[in-house]
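Work through the following exercises with the sequence and the model side by side, and try each task before reading its solution.

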Amino acid sequence: SGGGLGRTGGGGMMSKPRAYTCYLCGQQYGSQSLTIHVPQCYEKWLKVESAKERKDRREPPPPPPELDQPLPTDPDGID
């Protein structure tokens, strides 16, 4: 009875993994996926912008300072 979606076999709610938002595209990723995604997204940004006319091109936004530090993966290290 019921889908049980989002629940563990023990009846307790599973904690949802922390999602981080890419500062370039706005998509959400896990901490390890984000560190893989951001360099690829940056390259894509540059490629897309370079295909535009010079007057329409934008500079990529600066990365947030948090990207210089390892992202927390455990719930105790997250604000």
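A disulfide is a pair of cysteine sulfur atoms within 2.5 Å. This is a predicted model, in which local features need pLDDT of at least 70 and side-chain atom pairs count only at pLDDT 80 or more, while totals for chains, interfaces and linings use all residues. Residues are numbered from 1 along each chain as its sequence is written, and side-chain values use heavy atoms, with hydrogens and water left out.

**Exercise 1.** Find out how many disulfides the structure holds.

Solution. Start with cysteine 41, whose sulfur has its closest cysteine sulfur in cysteine 22, at 3.8 Å, which is too far for a bond. The count for the structure is zero disulfides. Cysteine 25 is likewise in no disulfide, since the nearest cysteine sulfur, in cysteine 22, lies 3.7 Å away.

**Exercise 2.** Decide whether cysteine 41 and cysteine 25 are buried, partly exposed or exposed.

Solution. Recall the cut-offs for relative accessible area, found with a 1.4 Å probe on protein chains only: buried is under 20%, exposed is over 50%, and partly exposed is in between. Cysteine 41 has 10%, so this residue is buried, whereas cysteine 25, at 37%, is partly exposed.

**Exercise 3.** Determine where glutamate 49 is placed and which residues it touches.

Solution. Glutamate 49 belongs to helix H1, where a helix is a DSSP run of H or I with at least four residues, numbered from the N terminus. At 5% relative accessibility, glutamate 49 counts as buried. Leaving out residues up to four places away in sequence, glutamate 49 touches Asp56, Arg57 and Arg58, a contact being heavy atoms within 4.5 Å.

Notes. Helix = DSSP H or I, 4+ residues; strand = E, 2+ residues; numbered from the N terminus.
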